[in-house]
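Look over the sequence and the fold before reading on. This report takes the chain apart helix by helix.

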Amino acid sequence: LFREHGFHGVGVDEIGRRVGISGPALYRHFTGKDEILATLLNEAMDKIAVETQGIFDDPHDELDFLVRHHAAFVVNNLELVAIYAHEHRSLVEPFRRMFTKRMRQHAARWERILASCYPEAEATDVVITAQAAIGLLHSVVYWPHKLLDSPDIVERLHHQVLTGVSSLASAPVGAANRG
């Protein structure tokens, strides 16, 4: 419902009807729709954390795994990613603070892996590249659906992201300091 009508366009009664209970019965499980949104977004973060986790000796193998599995996650969970893309700003405190912390931890993981793969890259370039890679992956929610029906879409996304992050190997020194 959040994806179809937006967070503010959905009421508790409508959510209850969709799941087969009364709106007020939802309050036995959640404090309100704010907590439902927070739960959806946190479950998505839990899922991506699990699906992209591994133990690697080589940071390039870890990056490859992270990109491939993050790409698979967004393609296979378009509704969750779309809700995140459109509604994460609707989170209220304390849910917003907790979710923002989790997003920062996820981005920091990307940054750590990228910095390990490209130790000569400037820290600012690593942060920009991590954000760009995550943004590219999440942008699929805005793509025409026929593109996402391609049987090799995960491999194509994987290739595009790895090609983009490889620019860290040749990022101009001091680029972040130029005007």
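## Helix α6 and its buried side

The buried residues of α6 are F95, F99, H106, A107, R109, W110, I113, L114 and C117. Buried means under 20% relative accessible area, exposed means over 50%, and partly exposed lies in between (1.4 Å probe, protein chains only). These buried residues pack against α3, α4, α5, α7 (123–138) and α9 (153–165). Contact means heavy atoms within 4.5 Å.

How many residues does α6 have? α6 has 23 residues, and 33 Å separate its first C-alpha from its last. That is close to the 33 Å expected at 1.5 Å a residue. The expected span is 1.5 Å times one less than the number of residues.

## How the model is described

This is a predicted model: local features need pLDDT of at least 70, side-chain atom pairs count only at pLDDT 80 or more, and totals for chains, interfaces and linings use all residues. Residues are numbered from 1 along each chain as its sequence is written, and side-chain values use heavy atoms, with hydrogens and water left out.

## The whole chain

The chain has nine helices and zero strands. Helices (H or I, at least four residues) and strands (E, at least two) are DSSP runs, numbered from the N terminus. The C-alpha atoms fill a box of roughly 60 × 35 × 35 Å, taken along the principal axes.

The chain has 179 residues, and 41% of them are buried. Take the contacts with a separation of 6 or more: 67% of them join residues 24 or more positions apart.

## Helix α4 and its two partners

Two packed helices are described by the angle between their axes and the distance between the axes. Axes are lines fitted to C-alpha atoms, for helices over the stretch in contact, and angles run from 0 to 180 degrees between N-to-C directions. Helix α3 (residues 33–51) and helix α4 (residues 59–76) pack at about 140 degrees, with axes 9 Å apart. That makes α3 oblique to α4. Angles under 35 degrees count as roughly parallel, over 145 as roughly antiparallel, 65 to 115 as roughly perpendicular and the rest as oblique. Which residues meet? A44, K47, I48 and E51 in α3 meet F65, H69, H70 and F73 in α4. The residues of this contact divide into four nonpolar, two polar and two charged. Ala, Val, Leu, Ile, Met, Phe, Trp, Tyr, Cys and Pro count as nonpolar, Asp, Glu, Lys and Arg as charged, and the others, Gly among them, as polar.

The axes of α4 and α9 come within 9 Å and cross at roughly 135 degrees. That makes α4 oblique to α9. On the α4 side, the contact is made by L63, D64, V67, R68, A71, A72 and V75. From α9 come I153, V154, E155, L157, H158, V161, L162 and V165. By class, the contact of α4 with α9 has eleven nonpolar, one polar and three charged residues.

## Loops

P94 is found in the loop between α5 (78–87) and α6 (95–117). The peptide bond from E93 to P94 is cis, with omega near 5 degrees. Most peptide bonds are trans.

H88 is also found in the loop between α5 and α6. Is H88 buried or exposed? H88 is buried, with a relative accessible area of 15%. Leaving aside neighbours within four places in sequence, H88 is in contact with L41, I83, F99 and M103.

S22 lies in the loop between α2 (12–19) and α3. S22 is partly exposed, with a relative accessible area of 40%.
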